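Open the structure in your viewer and keep the selection tool at hand. The stops below say what to select next and what is there.

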Amino acid sequence: MDVCHSLIFFVLTLQDGNTGLVSAQLSVYSGIEGENARVKCSFPSYRNRKIFCKEPCEQEDILIETTNATAQRGRYRIDYKDGVFSVTITQLTKSDSGRYRCGAGSSLKQALYEEIEIIVVDAMLDGGPSAEKTIDARTGGNIVVQCNFTQYRYKKYFCKEECEGGDNLVETISKSDQEKGRYRIRYTQIIPTGTLLYVSIKQLTQSDSGWYRCGLGRTSSKDPYQRFRLIITDALTTSPKTTEQPETTKDVILYVSLTLVVLVIVSSLSVLVFCRKRTCKAKSEEPEPHEETQCASAPEAEDDPSQHTYSEIKFVSVGSSHSGFHGDAECVIYSVPQVEASSDEPVLYSTVNNPQ
């Protein structure tokens, strides 16, 4: 957890009607986004109620309060010991930057406060020009970089690339903040010695990518400076620094999922085709149903004598008393079916005339 602490001395009385007095010093703390910050407040031990709030510190601005030695509320935690209580803020975000008050007293109106400022930065530079850092950011966002120096110079500057010809983005010779367009520089003195510079760029564009310097004194001399590289990607494009591995994992998961889906579909189709082939084969092997017709029974009738029909032919002499054929004669054919005795089948007759 990288936290930097500096002090700015001033005298301030409350303007909102509160009777409590703010301490005559402003404590400035800085922390890197995503990490934790811890601030400390000192009060007499008889003050038993501890309060931590963000300005303007109305009732709805209280972040955490307790009468106990320790307390936790969301990202905020209070720990009290020997008249000093500390407040820890976890998972810092850019919105955590701002002024706070930590206080002790019987009520919000009667409490004594210390003024605190927290600055959330993207990077802290303190290793000289050789200790370069790379910062990834997205279009439309903002960056804040803290530059630490153990020396003091009258002039402070912020520039891009080699900073030749004194073409600084913004510079200052005073202790107040200096802002120029989208660029800003802020100076804070570290007690007892040293200098902090906070440089920032807002509303980032892709053209902001490149090398930057924050330094003291003159750019063309050997005066101290810090250096960092800024890489800007489109807001809709994933930053390679923070999401390269997650994107790779997502691709693997997607590939495996699609492969499993294809395998399931192919297996289902194979089973369906196999079942349909077996069904068709079983139907083709079934014997055709036997159809009983009269034609099928015809051969049986030929082999069964009881089913035969016989014809008997007799010649009868007509108109003569003699037994020979001297007169007209008729040939009578009797068709007698061979059926059971109970049959009422009629006898069929046919007559053939003998021509003269």
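Start with the link of cysteine 41 and cysteine 102, which is left-handed, with -105° about the S-S bond. It is a disulfide, meaning a pair of cysteine sulfur atoms within 2.5 Å; here the S to S distance is 1.5 Å. The two ends come from distant parts of the chain, 61 residues apart: cysteine 41 is in strand β3 (residues 37-42) and cysteine 102 in strand β9 (residues 98-104). Strands (E, at least two residues) and helices (H or I, at least four) are DSSP runs, numbered from the N terminus. Cysteine 41 and cysteine 102 are both buried, where buried stands for under 20% relative accessible area, exposed for over 50%, and partly exposed for anything in between (1.4 Å probe, protein chains only).

Before moving on, note that this is a predicted model, in which local features need pLDDT of at least 70 and side-chain atom pairs count only at pLDDT 80 or more, while totals for chains, interfaces and linings use all residues. Residues are numbered from 1 along each chain as its sequence is written, and side-chain values use heavy atoms, with hydrogens and water left out.

**The other disulfides**

How many disulfides does the structure hold? There are four. A disulfide is a covalent bond between the sulfur atoms of two cysteines.

Select cysteine 53 and cysteine 57 next. Their sulfur atoms are 2.0 Å apart, and the link is right-handed, with 95° about the S-S bond. Cysteine 53 counts as buried because its relative accessibility is 0%. Cysteine 57 is buried too, at 3%.

Then select cysteine 159 and cysteine 163, joined by a disulfide with an S to S distance of 1.6 Å. This link is right-handed, with 90° about the S-S bond, and both of its cysteines are buried. With the bonded cysteines of the chain numbered in sequence order, the pairing reads 1-4, 2-3, 5-8, 6-7.

Zoom out to the whole chain, whose secondary structure comes to two helices and 23 strands. Five of the strands form an open sheet with mixed pairing, in the order β12-β20-β19-β14-β15. Which strands are at the edges? They are β12 (133-138) and β15, each of which pairs on one side only. From one strand to the next, the twist averages 20°; angles run from 0 to 180 degrees between N-to-C directions, and the axes are lines fitted to C-alpha atoms, for helices over the stretch in contact.

Within this sheet, select β19 (residues 210-216) and β20 (residues 225-233). They pair in the antiparallel sense over six bridges; two strands pair if DSSP finds at least two bridges between them. Tyrosine 212 stands opposite phenylalanine 228 in β20.

**The nonpolar cores**

Phenylalanine 228 leads on to the largest nonpolar core, which has 24 residues; Phe158, Phe228 and Leu230 have the most contacts inside it. Such a core is a set of buried Ala, Val, Leu, Ile, Met, Phe, Trp, Tyr and Cys residues joined through side-chain atoms within 4.5 Å. The strands that each supply at least two residues of this core include β15, β19 and β20. β13 (143-149) gives the most, with four residues.

Select Phe158 and show its surroundings. Leaving aside neighbours within four places in sequence, phenylalanine 158 is in contact (heavy atoms within 4.5 Å) with residues including Leu169, Val170, Ile185, Tyr212 and Phe228.

Apart from this core lies another, of 21 residues, among them Phe43, Tyr76, Val87 and Ile118.

Return to β15 (residues 168-172) and select threonine 172, which lies in it. Is threonine 172 buried or exposed? Threonine 172 is buried because its relative accessible area is 4%. Not counting residues up to four places away in sequence, threonine 172 touches Tyr154, Lys155, Lys156, Gln178 and Ile185. A polar atom of its side chain lies 3.2 Å from the backbone nitrogen of serine 174.

Glutamate 164 counts as exposed because its relative accessibility is 66%.

Methods. A polar contact is a pair of N or O atoms within 3.5 Å; within protein, one must be able to donate a hydrogen and the other to accept it, and residues adjacent in sequence count only if both atoms are side-chain atoms.
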